[in-house]
2 protein chains.
Amino acid sequence: MVTINDIAKQAGVAKSTVSRYLNGGAVSEKTKAKLDAIVARNDYTPNKFAQSLKAKRTHMVGAIIPRLNSYATNEALKGLENSLRLSKNQLLITNADQNREREIEAIYTLAKQKVDGIVLFAAEITPEHEKAFEESATPVVIVGQSHPNYHCVIHDDEKAGYSVGAYAVANGHRNILVFGVDEADQAVGITRRKGIEKAFVGKDITYTFVKTSFSMMDAYKLALEVLPETKATFIIGATDNIAIGIMRAAHELQMDIPNRLSLAGFGGYEITEAVHPRITTVHFPFHEAGILAADILLQLIEGKEMPYVEKLDNHLMIRESTQAIK
Amino acid sequence: MVTINDIAKQAGVAKSTVSRYLNGGAVSEKTKAKLDAIVARNDYTPNKFAQSLKAKRTHMVGAIIPRLNSYATNEALKGLENSLRLSKNQLLITNADQNREREIEAIYTLAKQKVDGIVLFAAEITPEHEKAFEESATPVVIVGQSHPNYHCVIHDDEKAGYSVGAYAVANGHRNILVFGVDEADQAVGITRRKGIEKAFVGKDITYTFVKTSFSMMDAYKLALEVLPETKATFIIGATDNIAIGIMRAAHELQMDIPNRLSLAGFGGYEITEAVHPRITTVHFPFHEAGILAADILLQLIEGKEMPYVEKLDNHLMIRESTQAIK
C-alpha cells in the first residue's frame, strides 16, 4: 500500500505539500509535475479518495481540546481546520477543560454526532479513553502524546528539553531552576523534563525543580515566592506561558533579565517575540502538527493504513532573555 | 410572563445567580431563601423548565466563533460552557475564521447537527445570516454585536471608547493616534471608535486614525511605519492585542512608554498585566457575557420570552503605560 508518506519521500517534499496536491490546493508547477509522475507510477490517484468513500460519511470531524486559550492548541487547530476544509470536511471542537471525565464524555458525544473521525489533543490516554474509542468505532488521531495503539502526531519533547538544558550548560550556567508541570501531562511533565535533565548529567549542575500549572498566573505567583531565594542564574519555564509569568514576577522583584537571570521557555508563541527582552524558546511546528493530523485522519477514514507515530522536529531560538555567565 | 430578569431584579442579585439557583448550582443560604420566596410567589419553579422541555432536545448547543486565539472569545466561551454544563448541555464550537461564508455555512451545519440553539460571536449580521437563522429555526443569541431581530449580549463599546479618549484628554494630551479596525466589525470598528471620537469634540485635539487588523503582528508592522513620523503623545489600540503589537514596535524604535508615548488598549486581557509597563486598558466582562448568553439561550429554548438586548458595563484600568503630559 502506498501512503502519502511514500509519495512525499519520493518527491522530496513535505507531506503537507502532497496532501495539498491531492486535495487540489496550490503547489508549484514544478512540484505538481513531479507529483503527477509519482502518483501515475504508483497508480495512486486522487480519484481513489472519492471511490473509497464510505456511504455514510457526514464530513464532520471532531476535535477534543484540553483547554481554550492555549496558543499551541489553537495553532494546531488552525492547521487541522484548513486541511479539513480543503477536503470539504467541517470541524466541530469540544473543550474538555483539562477534565478527564469531560474528555471521555466528549468522545461519546462526538460519536453520537456521527463524526467521521476524532482528533484528540491529549494530556494522557487512560483505559477509559481506550474503551470510549473502541465503543465509538471512529478513526482517531492523538496529537501531542504518544500511545502504542493509536495514530499519534507528537513533538520531539526530549530533544526540545535537551536543547534548552544543553544551551544553559554550554553558556556556563551551573545553578538552574526549572518551573515544570505535573506528570499527568506526559509530553511536558515527563518527556520534556527528561530531556532537560539529560543535559545536566555529569556536568556538576545544581538543579532545582518546582511544579506549577499551565497557567501564566500560577507561574507568576509561584515565581514571586521562589525567585527572591533562588541562587539560580538560569530559569527554564516548561512552556512560554509559564516563562511569561516568571518574567512578570522577575520584573516586579527588579531582578533583571538577562543580567541577573537568564530565562527560557518552550513553544515559540507569538507573545515571546512581543515582550522585551524577547524570550529564548524552542519553536514547535504546531500548525504543521494540525495539518499532519488532518492528513492521517482523512487517510484512516478512507480505510488506508498509516504509520502509527509521526514525530515532528523543533529548534531552539536564542533571543535576548538569555546570556552566557560572564 | 415572569423572566429570569424579573426574579433577579426582585431579589437584587445577578441574573447569573438566579440561573445558577434554577439550575441547582451553588448559591448562599441567604440568597437561596430569598429566591425560594420569590419563585414561590411568582409560581415560577425550576420544575417548569422540565415540563416545557421539547421532546426532541439533543442538549447540544453550537457556538460559532470568528477566530481561534482571541482572548475575548475564549473567555466568553468558558463562561458559556460552564453555564451550559451546569444545565447538562454540551457545547460544540465551530470556527468561521473571519469568513462570512463559513459563518453562514456553520449555521446550517449546526442546525443539521440538531443543536438546540446557537450562540454567534458576531462581527456583523447580514441578510444571509438572517436567512440562515430563519431556515435553521433554532433559537439564537448574538454576542458582541447588536441587531434588532435577535437576542444580543453586547458590551458598552461607546462608553469604553469614551473613557479612554476622555482620560487622554483629561491628562493633557492634544495629539492622539488611534490604531483602529475595519467598520465590518461594528462593535469595535464603529461603536468603540465613535466613543473615542466623542471625547475629542470641542477639545482642540489633533487626531489621526490608522486602520489595522485584529492581528498583533499586523499592528506591529504598521506601528513600525507610523511611529517614527508621529507627533502623537497618546496612542490608542482598538484592542489589547493591537496595543501589544504597538508596544513591541515602540520598544524596537526605542520610543519609551510612557515617557515618549502613552499607550492604551481595550479588553483587559491577561497579557496586559504580564508585560511591562503594564498596559492601561478597559476591562470588559467577557466571562460574564458568556454566562449571560447561556442563560438567555436556555430560556429561549424553553420557549420563554427574554429581553432583546443585554448591555454589559466595563471600566477603565489605569496602569503604567499612560501618564499625564508634563
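Where in chain A is A:Q254 found?

Tutor: Bear in mind that this is a predicted model. A:Q254 is found in the loop between α11 and β9 of chain A. Look at its backbone. Phi of A:Q254 is near 55 degrees. That is a positive value, and the residue is not glycine. Now look at the surface. A:Q254 has a relative accessibility of 75%. Exposed means over 50%, so A:Q254 counts as exposed.

Stay between α11 and β9. Helix α11 covers 240-252 and strand β9 covers 262-264, and the loop between them in chain A holds A:P258. The bond from A:I257 to A:P258 is cis. Its omega is near 10 degrees.

Find B:P277 in the loop between α12 (271-274) and β10 (281-283) of chain B.

Chain B has a positive phi to look at as well. Phi of B:H59 is near 60 degrees, and B:H59 is not glycine. B:H59 lies in the loop between α4 (46-51) and β1 (60-65) of chain B. Its relative accessible area is 29%.

A:V201 is found between α9 (186-198) and β7 (206-211) of chain A. A:V201 is exposed, with a relative accessible area of 62%. Now find A:K304, which is 103 residues from A:V201 along the chain. The C-alpha atoms of A:V201 and A:K304 are separated by 43 Å.

Next, a strand. Take β11 of chain B, residues 309-312. Its side chains alternate. B:E310 and B:L312 point to one face and are buried. Strand β11 has a partner in β5 of chain B, residues 151-155. The two strands run parallel, joined by 4 bridges. Find B:V153, which stands opposite B:E310 of β11.

Four helices of chain B give two or more residues each to the lining: α5 (71-86), α6 (100-112), α9 (186-198) and α13 (286-301). By class, the lining has 17 nonpolar, 12 polar and 8 charged residues.

Finally, step back to both chains. Chain B can be superposed on chain A by a rotation of 180 degrees, with 0.1 Å of shift along the axis. The RMSD is 0.2 Å. That is the relation of a two-fold axis. In chain B, the C-alpha nearest the axis belongs to B:I93, 2.4 Å from it. How do the copies meet? Of the interface residues of chain B, 100% are also interface residues in chain A, so the copies meet through the same surface.

Definitions and conventions:
Residues numbered from 1 in each chain as written. Chains lettered and ligands numbered in written order. Predicted model: local features only at pLDDT ≥ 70, side-chain atom pairs only at ≥ 80, totals over all residues. Heavy atoms only, no water. Nonpolar A, V, L, I, M, F, W, Y, C, P; charged D, E, K, R; others polar. Least-squares fit on C-alpha atoms with pLDDT ≥ 70 in both. Contact = heavy atoms within 4.5 Å. Buried < 20%, exposed > 50% of the residue type's maximum accessible area, 1.4 Å probe, protein only. Pairing = 2+ DSSP bridges.
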